[in-house]
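Please read the following report with the sequence and the model open beside it.

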Amino acid sequence: MTVTNVEPTMSASADDRETVIAVDRISKKFCRDLKQSLFYGVQDIATDLTGRRRKSDRLRNGEFWALKDISFRVQRGDALGLIGANGAGKSTLLRIISGLIKPDTGSVTIAGRVAPLIALGAGFNPILTGRENIYANMSILGLPTREIKRRFDQVIDFAEIWEAIDAPVQTYSSGMAARLGFACAVHVEPEILLIDEVLSVGDIKFKMKCHQKLAKLREQGTAFILVSHNPHSVLNVCSESIYLSKGQLITAGKTETVIRQYEQDLCLSGNESAIGMMVLPAKSRSESLGLDITQICFKDEQGNLLAAPMTGEPAILSVECWAHESIVGANLGAMIKSLSGEHDLVLYLTSAGDDQLLEVQPGVVELQMQMPYCGLIPGVYSAKIYIRKGVYSFDIVESFRFTVKSQCTTSRCQFYQPRTWNVVQKSDSTLPEI
Amino acid sequence: MPYRVVHTPEGMLRHPKQLFHAMWRDLLAARELAWRLMVRDISAQYRQSFLGIFWAVIPPLVMAIGFTIASDAQIFQPGVTDLPYPAYVMFSTSLWQTFVEAVNGPVQAVILAKPMLARVNFPREAIILAKVGEVGFNFAIKLLLIVALFIYYKIAVSWTVILAPVALIHLILFGTLVGTLLSPLGVLYQDISRGLTMATGFWLFLTPVVYPVPDQGLLGALVKLNPVTPLLVTARELATTGVLSLAPQFWIVSGITFLGLLITWVTFRLAMPYVIERVSS
C-alpha cells in the first residue's frame, strides 16, 4: 500500500526526465546464523546451477526479511535520501541496486553506470604508491586506462596529495587515504552515485569540497542515492527521501517530512508510549508527611491537559498536592532524564534554586513550573519530582514518564533554542560619494 | 545511455542467450582491469620482499638439491630419467609449481578480493584472469632457471620445444579450472584453502615430478589416472626429447579442460552473487 503511494509523488514532479533507477517491489532475506547462512548460500548455488527455481519468495528456517517490497524511482539528476536506523536495510538496498547481490523478489532496472561510494579505496594495496593505486582503483570502478590518464591530475588535485603521490599508501594518514578514495570515486563521473555514510571523511575543508563536487555532478545530471543515519546530511543534499525501518518502506516524500517521522519514531521505539498524566493514590494521615503529591501532568497556557508537550511551545508542569498543614518555603524539584538517548540527566530544576520559596495552604494546591518554551527535544523522558523544605522531604515521585513531540526539525540539536531570523541592512549598494 | 541492466531473482541459466552475451561482454570489459590487477599484484608481491623474483626459482632449486641428495644416498631410487636427475627434478618441479600456483591462485585471489567484491560490482572474471597472468609471469622467471639448467647440463633440445608452450598452457588452464571451481566455496568455507594445501601436497606424490612415470603397481595405476600426468609429462617431453609417450591421454585431458573451463566459468558467474551476499561488506 505504501508502494502505490510512492511512485506518483516521486514521478509527478519529474516525469519528463528519464528514470535511471527503477526499484520494483524488491525483497531480500537474510539469515542470522552464520553456519546456516553459508549452507543456504551453497543450497542457492546448487539450485541455480541445476536450472531449478529458487523459492526465493519464501523464508527458510531462521531467515528474516532484510527488505520487503520496496519500490521507488530515481530520475536523472535526482538526489534521493535513504534514512533509517542501523540495520534498517539501507546498505542491503544499495548493494542490490549496484548489482552485487540478487534480490529475492521484484526487480531493479538501472540505466547507466553505477559507482558505489560505499567502497572508498576498494582495492587499495597499502604497499603500492598512490599513483599505482589510483590506476587500480579507478579501473575497478570501470574506467578505461586512457580515461584514467586523462583525469589523473584532477584526482590528485582534488585529493591534495601532490607530494605523497609516489609514496606507498600505507604511509598515508587515514584522512589522506580517504581523500584519495573519494577523489577516485567521484572522478569516475558515473550516471548514478551511491553514497553510503562516506561524507564524514576528512576535515571540514575537505567535506565542503566534497559537497561542492557532488553539487556539480548533480548539475551535470548524475543521480544520487545518499544513505545516512544522520538525517542532517541528507537534508542538505536531497529533496526527496525514503525512510526504511526493519526492511519496510515507512514513508517517502519530501525530506523534511520524512525526517520528522523518522525522528519521532526514533524517540518512541522501544519505549511504551507515556501516558502524559500520573495520578497517585491518596495516603492515609499516618503515612503522610504533611504534603502529598496526588497528580502530575503537563498543561498548556489555558490550563488544558497536555498529553505531550511540544518542543518550542509553552508548557506548564503541574504538580497537584493535598496539604495537611500550611507550609512556608516549600521547594519543588524536578530532575529530568532522557530515556531516548544515553539516559542522561538533562534538566535539574528546583524552585529553591531560583530563590522561589512556595507558600502552601492546607487543602488541594497545584504547584506549577511554567515554561514559556519547552526546550526539550522530542523524546521520552522520566522526571523525578519532589517537594521539600530544607532537607525535609514531604513527598517524592521517582519517575513520571512523559513524551515530548515536535513540529519543527531539531535534528542534531541538543535542546530547543527560541530564535528569530533577521537581516539588518547596514548600507545600500551604491558607493558613498567622495 | 551506455547500457541498461535489470537485476531479478531469476536464475541466469534460465536465459542462456543473455547469459552468454553477458559473459562475452564481461570478458572484454575484464581485460583491462585484469591487466591492472596483475600489475598491481606482481609489483606488490615483489616490493615487500628482499629476494624478490628469486622466490620463483628458489623452491625448485631446493627441491632438486633435496631429492638429488636423497637419491645419491640411495634412500630412494627414482629410476631412470630422460634427463640428468637434478635437471629432471628442477624442470618438473617448475612445471608442477606452476600448476599448483594455477590451482591456488583463483582461490586465494577471490578470498583476498573479498572486501572489493562485497562493495563494487566489476567483471569478476578479471580476478581470475589477473591470476592466470601472474602464474604466466612467474613461469617466465622460472624459464630463466630452466634455460640455465639446459645449458649447464648440455641437454639436447628437439624442435618440438616450440610446441611446449601449448602443453604448458593446457597445464595452467587445467589448474585454473580446478581453482576457479573451488573459489566460490573457498570464500564461504575456510576448509577449502586448508584442504587445498593438503591435497596439492598429496597430489605431488601421484605426479611424476621427482620420479619418472611408473608403469606398475598401485602407484602406476594412480599416476596414470592422474589428469596432471599427461599434461606435465607432455610439456616436459616436448621441451626435451620430442618423443611423446602420453599423446592420446594428453588430448583427452585437454578436451576435458576446455569443456570444463566453460562450465567452470558459468558456475563461477552463477555462484558469486550468492557468495557475496553471505559475506558482509
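Strands S18(A) and S19(A) form a hairpin with 2 residues between them, and Gly390(A) in the turn has a positive phi of about 65°. Strands here are DSSP runs of E of at least two residues, helices are runs of H or I of at least four, and both are numbered from the N terminus. S18 covers residues 379-389 and S19 covers residues 392-404 of chain A; the two pair in the antiparallel sense over 10 bridges. Two strands count as paired if DSSP finds at least two bridges between them. Within this pair, Val380(A) stands opposite Thr403(A).

The model is predicted: local features need pLDDT of at least 70 and side-chain atom pairs count only at pLDDT 80 or more, while totals for chains, interfaces and linings use all residues. Residues are numbered from 1 along each chain as its sequence is written, and chains are lettered from A and ligands numbered from 1 in the order in which they are written.

Chain A has 9 helices and 19 strands. Of its 434 residues, 40% count as buried. A residue is buried if 20 or more other C-beta atoms, placed from the backbone, lie within 10 Å of its own; with 12 or fewer it is exposed, and in between it is partly exposed. Contacts are defined by C-beta atoms, placed from the backbone, within 7 Å. Among contacts in chain A between residues at least 6 apart in sequence, 73% join residues at least 24 apart.

An open sheet of 6 strands in chain A has the order S5-S6-S7-S3-S8-S9, with mixed pairing. Its edge strands are S5 (114-116) and S9 (248-254), each pairing on one side only. Neighbouring strands of this sheet are turned by 15° against each other on average, direction ignored. Angles are taken between axes fitted to C-alpha atoms, for helices over the stretch in contact, and run from 0 to 180 degrees between N-to-C directions. Helix H3(A) packs on the sheet, touching S3, S5, S6, S7 and S8 of chain A, and its direction makes about 155° with that of S7(A). Inside the sheet, S3(A) and S8(A) pair in the parallel sense over 4 bridges. The bridge partner of Leu82(A) in S8(A) is Ile242(A).

**Where the chains meet**

The contact between the chains takes 47 residues from chain A and 40 residues from chain B. On the side of chain A that touches chain B, H2(A) gives the most, with 8 residues. By class, that side has 22 nonpolar, 16 polar and 9 charged residues. Here Ala, Val, Leu, Ile, Met, Phe, Trp, Tyr, Cys and Pro count as nonpolar, Asp, Glu, Lys and Arg as charged, and the others, Gly among them, as polar.

Which strands make up the open sheet of 4 strands? Their order is S2(A)-S1(A)-S4(A)-S1(B), with antiparallel pairing. S2(A) and S1(B) are the edge strands. S4(A) is joined to S1(B), residues 4-7 of chain B, by 4 bridges. Ala111(A) stands opposite Arg4(B), and Val108(A) stands opposite His7(B). H3(A) lies across S1, S2 and S4 of chain A together with S1 of chain B, running at about 120° to S1(A).

Just after H7(A), Gly221(A) takes a positive phi of about 105°. H9(B) is mostly covered, with 12 of its 12 residues buried. Its cover includes H3, H6, H8 and H10 of chain B.

A nonpolar core is a set of buried Ala, Val, Leu, Ile, Met, Phe, Trp, Tyr and Cys residues joined through C-beta atoms within 7 Å. The largest has 140 residues, and those with the most contacts inside it are Ile97(A), Ile225(A), Leu171(B) and Ala235(B). H3(B) gives the largest share of this core, 14 residues. Leaving aside neighbours within four places in sequence, Ala235(B) is in contact with Leu95(B), Ala164(B), Ala167(B), Leu168(B) and Leu171(B). A second, separate core of 28 residues includes Ile296(A), Met310(A), Ile336(A) and Val404(A).

Technical notes
Contact = placed C-beta atoms within 7 Å.
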